[in-house]
Amino acid sequence: MERDLIGTRRYYHKIAEPGWLEFNTTINIIKDLKKLGVTDIKYGKKIHKEDMIFGRPSSERIKAYASTIKYREDFDTSEILQGYTGLIATIDTEKPGKTFAFRFDIDALPIKESADKFHKPFREGFASENPGAMHACGHDGHLSMGIFLAKWILENKKDLSGKYILIFQPGEEGLRGAKSLSESEYIHDIDYFFAGHLGMGLPSGKVGVGTTGFLASTKLDAIFKGHSSHAAALPEEGKNANLAAASALLNLETLAQHSKGMARINVGVIRGGRVRNAISDKAVLELETRGGSDEVNNFLVTRAIQVIKGASIQYDLDYEVKIAGSAPSIIKPATKFYDKIDEMLKKKGFDTIKNPDFKASEDVCYYINKVNSEGGSAIHFIFGSDLAAGHHNKAFDFDEKSLLMGLEVYKDCIKYLNKNGKS
């Protein structure tokens, strides 16, 4: 099994695609699940809430990339190729029992992968074949675990009870995909919810149980709309969008302080102007806020928008703020459930660490909060894995032996909760 699991990971590593463009990825996961015998697979527009989709590429970019997908399938791929990526697969044992849900992210990052001879994927021939994307965060491993979990559930269906929902989610990077999928009509009445992430500071062989430290975050695009004019002949007729963006940037960076918890703000991109001899009529800031709680993050968002508005007034131009992604913190963790799962895994021989600190944001928290609020129990794991380079680095790679460990954790949770019922 381990060899096949690693082979699947390497296949998906080669076809890496960024968020909302996971066309090959989604189609091939569907094909893999169908080959296994999964019959209930939902995808396309019906699994998304249209008004909750964040950060989709332009329609022109979606169409251009879709035009490169040449093969034909025995199922309708038209909505996938419109940018409605991801899927929800359900395996029903048709025996009374609990409803389990598992989330696996499927998107890559817009990074060009290393072609250094010391980079294992390049050296062994499974580096990304898409020059605009790379699995630099381990999502190829996550989705591969999901496919093999489906295989195991089907093979052991006669010994299991209840229903199993496998969520293959697009657009985790930038916190763009979970809000849409978590509000889908197919994600409800879940008794147990599971998700996990490879690496994240834990070495191979360690399992982090009941992850904490998820930062609430909002991704914002601030667009300043000025008026262009000749920079020498008629400068007074211009309204300089670059100046507004620069002023806003400097003031935004002063906001990250709050007495109630961690606060972070970062302007990662500033883009403006067209030519050197004209007053800039448009400038864009791409920024993010993060907070140790929703309260702190919401405070930062409110203040950030005030700063952006103030800069537009200062330079007498218009502005627009768009939300490009978001994630909450965990509102009320299922700590007793964490204890129970940790105790079980320890007895199974896993080397566990309770409540590892994530120190970043993850839109999986939308599912976790929803399940917990509806009376279920949700948990997130960190599957320790030695890394060749850090997450989001062009030379990122993880210890592939960690894949089997993560899969075994999920399987043991299913077996344990099938026997022990309610948490």
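Guide: What follows is a set of questions on a predicted model, each answered from a value and a cut-off.

Visitor: Why is cysteine 365 called buried?

Guide: The relative accessible area of cysteine 365 is 0%. Buried means under 20%, so cysteine 365 is buried.

Visitor: How do you know that cysteine 365 is in no disulfide?

Guide: A disulfide needs two cysteine sulfur atoms within 2.5 Å. By this rule the count comes to 0 disulfides. For cysteine 365 the nearest cysteine sulfur belongs to cysteine 137 and is 14 Å away.

Visitor: What rules out a bond for cysteine 413?

Guide: Its closest cysteine sulfur is that of cysteine 365, at 18 Å, which is too far for a bond. The limit is 2.5 Å. Cysteine 413 also counts as buried, because its relative accessibility is 0% and the cut-off is under 20%.

Visitor: Why is threonine 90 called buried, and where is it found?

Guide: Threonine 90 is found in strand S2, residues 87-92. Its relative accessible area is 15%; buried means under 20%, so the term applies to threonine 90.

Visitor: Which residues is threonine 90 in contact with, beyond its neighbours within four places in sequence?

Guide: With that exclusion, threonine 90 is in contact with Val38, Asp40, Lys163, Tyr164 and Ile165. Contact here requires heavy atoms within 4.5 Å.

Visitor: What makes the phi of lysine 359 worth a remark?

Guide: Most residues other than glycine have a negative phi. Lysine 359 has a positive value, near 60°, and its place is in strand S13, residues 357-360. Lysine 359 counts as exposed because its relative accessibility is 64% and exposed means over 50%.

Visitor: What does UniProt place at residues 223-291?

Guide: An unreviewed UniProt entry places the feature "domain: Peptidase M20 dimerisation" there. Over residues 223-291 the chain is 17% helix and 33% strand, and the end C-alpha atoms are 23 Å apart.

Visitor: Why is asparagine 266 called partly exposed?

Guide: Asparagine 266 has a relative accessibility of 38%. That lies between the 20% and 50% cut-offs, so the term is partly exposed. Asparagine 266 lies in strand S9, residues 263-272.

Visitor: What does asparagine 266 touch, and how far is its C-alpha atom from that of threonine 289?

Guide: Not counting residues up to four places away in sequence, asparagine 266 touches Glu253, Glu286, Leu287 and Glu288. Asparagine 266 and threonine 289 are 23 residues apart along the chain, and their C-alpha atoms are separated by 6.7 Å.

Visitor: How is the packing of helix H7 and helix H8 described?

Guide: Two packed helices are described by the angle between their axes and the distance between the axes. For H7 (residues 241-252) and H8 (residues 294-314) the angle is about 145° and the axes are 9 Å apart. H7 passes H8 in a right-handed crossing.

Visitor: Which residues meet there?

Guide: Ala244, Ser247, Ala248, Asn251 and Leu252 in H7 meet Ala304, Val307, Ala311 and Gln314 in H8. The residues of this contact divide into 6 nonpolar, 3 polar and no charged.

Note on methods. Residues are numbered from 1 along each chain as its sequence is written. This is a predicted model: local features need pLDDT of at least 70, side-chain atom pairs count only at pLDDT 80 or more; totals for chains, interfaces and linings use all residues. Side-chain values use heavy atoms; hydrogens and water are left out. Axes are lines fitted to C-alpha atoms, for helices over the stretch in contact, and angles run from 0 to 180 degrees between N-to-C directions. Helices (H or I, at least four residues) and strands (E, at least two) are DSSP runs, numbered from the N terminus. A crossing is left-handed if the near helix is turned anticlockwise from the far one by less than a right angle, and right-handed if clockwise. Ala, Val, Leu, Ile, Met, Phe, Trp, Tyr, Cys and Pro count as nonpolar, Asp, Glu, Lys and Arg as charged, and the others, Gly among them, as polar. UniProt positions are given in the numbering used here, feature names are shortened, and annotations may be inferred rather than shown by experiment. Buried means under 20% relative accessible area, exposed over 50%, partly exposed in between (1.4 Å probe, protein chains only).
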